[in-house]
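Welcome! Please take a moment to look over the model below, and then we can walk through it together.

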Amino acid sequence: MPACRSGEAYGCLCQVMDVNLKGVLFTAQAVGRQMIKLGTGGSIIFIASVAGHVALEVPPISPRSNPQSDSPTLCLRTQPDLLSVSYHSSKAALHQLARSMATEHAPNGIRVNTISPSYVATACVSHKVNM
């Protein structure tokens, strides 16, 4: 996903919501319909983010040398900008989507939950976040 620039606020928000919210919604609807059809119940689990619960101060982009390559690699731009605001909002919406779907599907024995991971210790973020 390309980085969003300040003049592209609407497009940035739409792009992030299309992937992180609408894609999940439409997939979960199809899965829920199938579970209801089969009558087996089940569990739908969304991979959300801790960023949907709290606002994270995240590190800016920076080149990082790869010891196995002569060319530097760039870490994902995660500083507070339109992309991270859109991302945080989409993940918060995902938590609410799970709560709403859980109440709708409970009578059919279908649970809907989220898992909210935080940073993963990678070379890209470990030197900026105390891990």
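## A first tour

Helices here are DSSP runs of H or I with at least four residues, strands are runs of E with at least two, and both are numbered from the N terminus. Please keep in mind that this is a predicted model, in which local features need pLDDT of at least 70 and side-chain atom pairs count only at pLDDT 80 or more, while totals for chains, interfaces and linings use all residues. Residues are numbered from 1 along each chain as its sequence is written, and side-chain values use heavy atoms, with hydrogens and water left out.

His105 is buried, with a relative accessible area of 10%. Buried means under 20% relative accessible area, exposed means over 50%, and partly exposed lies in between (1.4 Å probe, protein chains only). Not counting residues up to four places away in sequence, His105 touches Gly32, Ile36, Ile110 and Val112. Touching, or contact, stands for heavy atoms within 4.5 Å.

## The overall layout

The protein chain has two helices and four strands. Read from the N terminus, these elements follow the order α-β-β-β-α-β. Of the 131 residues in the protein chain, 27% are buried. Among contacts with a separation of 6 or more, 65% join residues 24 or more positions apart. The accessible surface of the chain is about 8300 Å², and carbon and sulfur atoms hold 59% of that; such areas come from the Shrake-Rupley method with a 1.4 Å probe, and for residues only the protein chains shown count as cover.

## Inside the fold

Which residues make up the largest nonpolar core? This core has 11 residues: Ala28, Met35, Ile44, Phe46, Ala48, Leu94, Leu97, Ala98, Met101, Ile110 and Val112. Two or more residues each come from helix H1 (9-38), strand S1 (42-47), helix H2 (82-105) and S4. H2 gives the most to this core, with four residues. A nonpolar core is a set of buried Ala, Val, Leu, Ile, Met, Phe, Trp, Tyr and Cys residues joined through side-chain atoms within 4.5 Å. In soluble globular proteins, nonpolar side chains tend to be buried together.

Leaving aside neighbours within four places in sequence, Phe46 is in contact with Val24, Ala28, Leu94, Leu97, Ala98, Met101, Val112, Asn113, Thr114 and Ile115. Val112 is found in strand S4 and is buried, with a relative accessible area of 7%. Beyond neighbours within four places in sequence, the contacts of Val112 are Ile44, Phe46, Ala98, Met101, Ala102 and His105.

## Toward the surface

Ser43 sits in strand S1 and touches Met35, Arg111 and Asn113, not counting residues up to four places away in sequence.

How many salt bridges does a search of the whole structure find? The search finds one: the side chains of Asp18 and Lys22 meet at 3.1 Å, N to O. A salt bridge is a side-chain nitrogen of Lys or Arg within 4 Å of a carboxyl oxygen of Asp or Glu. Because Asp18 and Lys22 are four residues apart in helix H1, about one helical turn separates them.

Here are some partly exposed residues:

| Residue | Relative accessible area |
|---|---|
| Ile115 | 43% |
| Asp18 | 37% |
| Lys22 | 43% |
| Ser43 | 30% |

## How confident is the model?

The protein chain has a mean pLDDT of 77, and 66% of its residues reach 70 or more; pLDDT is the predictor's confidence in each residue, from 0 to 100. Among the elements, strand S3 (residues 73-74) has the lowest mean pLDDT (40), and S4 has the highest (97). The pLDDT is below 50 over residues 60-67, a stretch with 23 contacts in the model beyond near neighbours in sequence. Over residues 69-80 the pLDDT is also below 50, and this stretch has 28 such contacts. Where pLDDT is low, the predicted coordinates should not be read in detail.
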